[in-house]
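Subject: Structure for you, with notes

Hello,

Here is the structure I said I would pass on. Please open it before you read the notes.

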Amino acid sequence: MLLNMLKAKLHSGSVTQCDLHYEGSVSIDQELLDASGILPNERVDIWNVTNGARIQTYAIEAPRGSRTIGVNGAAARHFSVGDKVIIAAFASIEADKARQHAPTVVLLDDENEMKAPSAAY
């Protein structure tokens, strides 16, 4: 049996841009992707702490060091610049290994700077 477990999370990020007319996805600073282990084109959930909206999309790279978290396409109707968000990716893990699994959590400040090095729960 496989269990769906949290793989990685960018916690308390701030939306820096919204582009309704882009095809879709969420643009994330390449440095934040690297720190979290989220890959380009990987499915992610975005939870809007500010208004409660929850969507699924996929991650794309934004320029390294830009601190971009940009919500694109139709999802942009549910987000505004400055909204606080949590971005999470999940992985299917064999049940007998799930108890030993530790997700990577990257804590962000209001400018999307990492508060502390990425760490496992």
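My notes on the chain follow, from the overall fold down to single residues.

The model is predicted: local features need pLDDT of at least 70, side-chain atom pairs count only at pLDDT 80 or more, and totals for chains, interfaces and linings use all residues. Residues are numbered from 1 along each chain as its sequence is written, and side-chain values use heavy atoms, with hydrogens and water left out.

Overall

The chain has two helices and nine strands. Both kinds of element are DSSP runs, numbered from the N terminus: helices are H or I with at least four residues, strands are E with at least two. Read from the N terminus, the order is β-β-β-α-β-β-β-β-α-β-β. The radius of gyration is 14 Å, close to the 14 Å of the globule rule for 121 residues, so the chain is as compact as a globular protein of that length. That radius is taken over C-alpha atoms, and the rule is 2.2 Å times the number of residues to the power 0.38. Along the principal axes, the C-alpha atoms fill a box of roughly 45 × 30 × 25 Å.

Of the 121 residues, 45% are buried. Buried means under 20% relative accessible area, exposed means over 50%, and partly exposed lies in between (1.4 Å probe, protein chains only). Contacts are heavy atoms within 4.5 Å. Take the contacts between residues at least 6 apart in sequence: 79% of them join residues at least 24 apart.

Charges: there are 11 positive and 15 negative, and their mean positions are 7 Å apart. Lys and Arg count as positive, Asp and Glu as negative; His and the chain ends are not counted. Each charge is placed at NZ of Lys, CZ of Arg, CG of Asp or CD of Glu.

Look at Asp29, in strand E3 (residues 26-29). Is Asp29 buried or exposed? Its relative accessibility is 0%, so Asp29 counts as buried. A polar atom of its side chain lies 2.6 Å from the backbone nitrogen of Glu31. Leaving aside neighbours within four places in sequence, Asp29 is in contact with Ala62, Pro63, Arg64, Gly65, Ser66, Arg67 and Thr68.

Thr68 sits in the loop between strand E5 (54-62) and strand E6 (69-72). At 11% relative accessibility, Thr68 is buried. Its side chain makes a polar contact with the side chain of Ser66 (2.9 Å). A polar contact is a pair of N or O atoms within 3.5 Å; within protein, one must be able to donate a hydrogen and the other to accept it, and residues adjacent in sequence count only if both atoms are side-chain atoms. With neighbours within four places in sequence left aside, the contacts of Thr68 include Thr16, Gln17 and Asp29.

Gln30 belongs to helix H1 (residues 30-36). Gln30 is buried, at 13%. Beyond four places in sequence, Gln30 is in contact with Glu61, Ala62, Pro63 and Arg64.

Positive phi

Two residues are worth a look here. Arg67, in the loop between E5 and E6, has a positive phi near 60° and is not glycine. Arg67 is buried, at 10%. Asn41, in the loop between H1 and strand E4 (43-48), has a positive phi near 75°. Asn41 is exposed, at 58%.

Best wishes
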